[in-house]
Amino acid sequence: MSTQPATATSSTEGEPSALSLSIDEEAKHSVIGEVPAESVMETFHLNVFYGDFHAVHDVNLTFGKNEITALIGPSGCGKSTVLRCLNRMNDLVPGARVEGEINYHGQNIYGPKVDPIAVRQHIGMVFQKPNPFPKSIYDNIAYGPRVIGMKVDNMDDLVEEALRGAALWDEVKDKLKQSAYGLSGGQQQRLCIARTIATKPDVILMDEPCSALDPIATAKIEDLMLQMRKDFTIIIVTHNMQQAARVSDRTAFFTAKPDETTGNRTGLLVEFDRTKQLFSNPADKRTEDYISGRFG
Ligand SMILES: Nc1ncnc2c1ncn2[C@@H]1O[C@H](COP(=O)(O)OP(=O)(O)OP(=O)(O)O)[C@@H](O)[C@H]1O
Ligand SMILES: [Mg+2]
């Protein structure tokens, strides 16, 4: 596994060259603080296009093993786009094109011989809106392992393990054969987390997993994420800065920069660091403005 940190130009280093850049160029540079010693995934010069539109510019990030990394920033800055690239979900978006490399345990997931379905098995995803299948609670969990032909000695045990892993077992153990639609929104989201962990991924991507939930259900998911961190690497997109501060080890702050000629807004990574550092002492003025509520 590669432990090479992502390389990116820091605006705090190399002052002479930074000064010689135009404002426009300088604004594109990211501040990279402390990167994880042991990484699971890295992006190298990740650029994403939707047709001619350059949605995300040159993102270099390192995701630490058994860490929670939060991606934050204003609407349209490319958080979901970056997240979807990490398990090749963007392959399913017509017109989407990815440049650069994304390494998972040192292997480029966009390499010619890589099967995107296998990638998604290792790198699972939980969506913004709970989206259980129109099936029983039990079958929601059993479906994934069956479809991928996972070798399972005892499906009942696997279902229980996944539901326990998502802190849902006690609430549903007596109604496993009932429809998942009978669960509350928060329970449905934990069911979706259980469904994701049933196929034993290594990394779990979450795109605003609490945005449709009330504060109590949100707190349960946050507690769950902190418990899950010992077994998984988690990457979460959130609009809730308190949530990023509460649960994440590291935070990446993105912004969107309008192109002077076309007016199109391209997403950029502004700053990546330990969450405590980024929130208490941000290195870039744009981060400071965002986290203090002056922008976005
Ligand atoms: N399927 C698509 N086709 C074309 N453009 C897209 C598509 N998906 C996203 N975009 C554009 O790419 C840019 C980044 O979008 P993205 O959804 O990644 O932003 P985001 O940071 O997740 O925003 P939000 O916080 O609102 O969810 C936006 O300008 C968006 O309009
Ligand atoms: Mg989004």
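Visitor: What makes helix α6 oblique to helix α8?

Guide: In this predicted model, helix α6 (residues 155-165) and helix α8 (residues 185-198) pack at an angle of about 125°, with their axes 8 Å apart. Angles over 145 degrees count as roughly antiparallel and those from 65 to 115 as roughly perpendicular, while the rest, once those under 35 are also set aside, are oblique; that is why α6 is called oblique to α8. The crossing of these two helices, α6 and α8, is right-handed.

Visitor: Which residues make the contact between α6 and α8, and how do they divide by class?

Guide: From α6 the contact takes L158, A162, L163 and G165, and from α8 it takes A194, I197 and A198. The residues of this contact of α6 with α8 comprise six nonpolar, one polar and no charged. Gly counts among the polar residues, and G165 of α6 is one of the residues in the contact.

Visitor: Why is α8 called roughly parallel to α9?

Guide: Helix α9 covers residues 215-228, and α8 packs with α9 at an angle of about 20°, their axes being 9 Å apart. Angles under 35 degrees count as roughly parallel, and therefore α8 is described as roughly parallel to α9. The crossing in which α8 passes α9 is right-handed.

Visitor: Where do α8 and α9 meet, and what classes of residue are found in their contact?

Guide: On the α8 side the residues are G185, G186, Q189, R190 and I193, and they meet A217, K220, I221 and L224 in α9. By class, the contact of α8 with α9 divides into four nonpolar, three polar and two charged residues.

Visitor: Why does V147 count as exposed?

Guide: V147 belongs to helix α5, and there are 10 C-beta neighbours inside 10 Å of V147. A residue is exposed if that count is 12 or fewer, so V147 counts as exposed. Along the chain V147 and R229 are 82 residues apart, and their C-alpha atoms are separated by 26 Å.

Visitor: Which residues of α5 are buried, and what covers them?

Guide: Helix α5 (residues 137-147) has I137, N140, I141, A142 and G144 as its buried residues, and what covers them includes α6, α7 (169-172) and α8. After α5 comes G149, which has a positive phi, near 70°.

Visitor: Why does G64 count as partly exposed?

Guide: G64 lies in strand β3 and has 18 C-beta neighbours inside 10 Å. Being buried requires 20 or more such neighbours and being exposed requires 12 or fewer, so the count of 18 makes G64 partly exposed.

Visitor: Which residues is G64 in contact with, leaving aside its neighbours within four places in sequence?

Guide: They are P36, E38, S39, D249 and R250. G64 and M41 stand 23 residues apart in sequence, and their C-alpha atoms are 7.4 Å apart in space.

Visitor: How many residues surround ligand 1, and what supplies the largest share of the shell?

Guide: Ligand 1 is surrounded by 13 residues, of which the closest are Y50, S75, K79, S80 and T81. At least two residues of the shell come from each of β3 (53-64), α3 (79-85) and β11 (265-274), and α3 gives the largest share, three residues. Sorted by class, the shell around ligand 1 has five nonpolar, six polar and two charged residues.

Key. Residues are numbered from 1 along each chain as its sequence is written. Chains are lettered from A and ligands numbered from 1 in the order in which they are written. This is a predicted model: local features need pLDDT of at least 70, side-chain atom pairs count only at pLDDT 80 or more; totals for chains, interfaces and linings use all residues. Axes are lines fitted to C-alpha atoms, for helices over the stretch in contact, and angles run from 0 to 180 degrees between N-to-C directions. Helices (H or I, at least four residues) and strands (E, at least two) are DSSP runs, numbered from the N terminus. A crossing is left-handed if the near helix is turned anticlockwise from the far one by less than a right angle, and right-handed if clockwise. Two residues are in contact if their C-beta atoms, placed from the backbone, lie within 7 Å. A residue is near a molecule or strand if its C-beta atom, placed from the backbone, lies within 6 Å of it.
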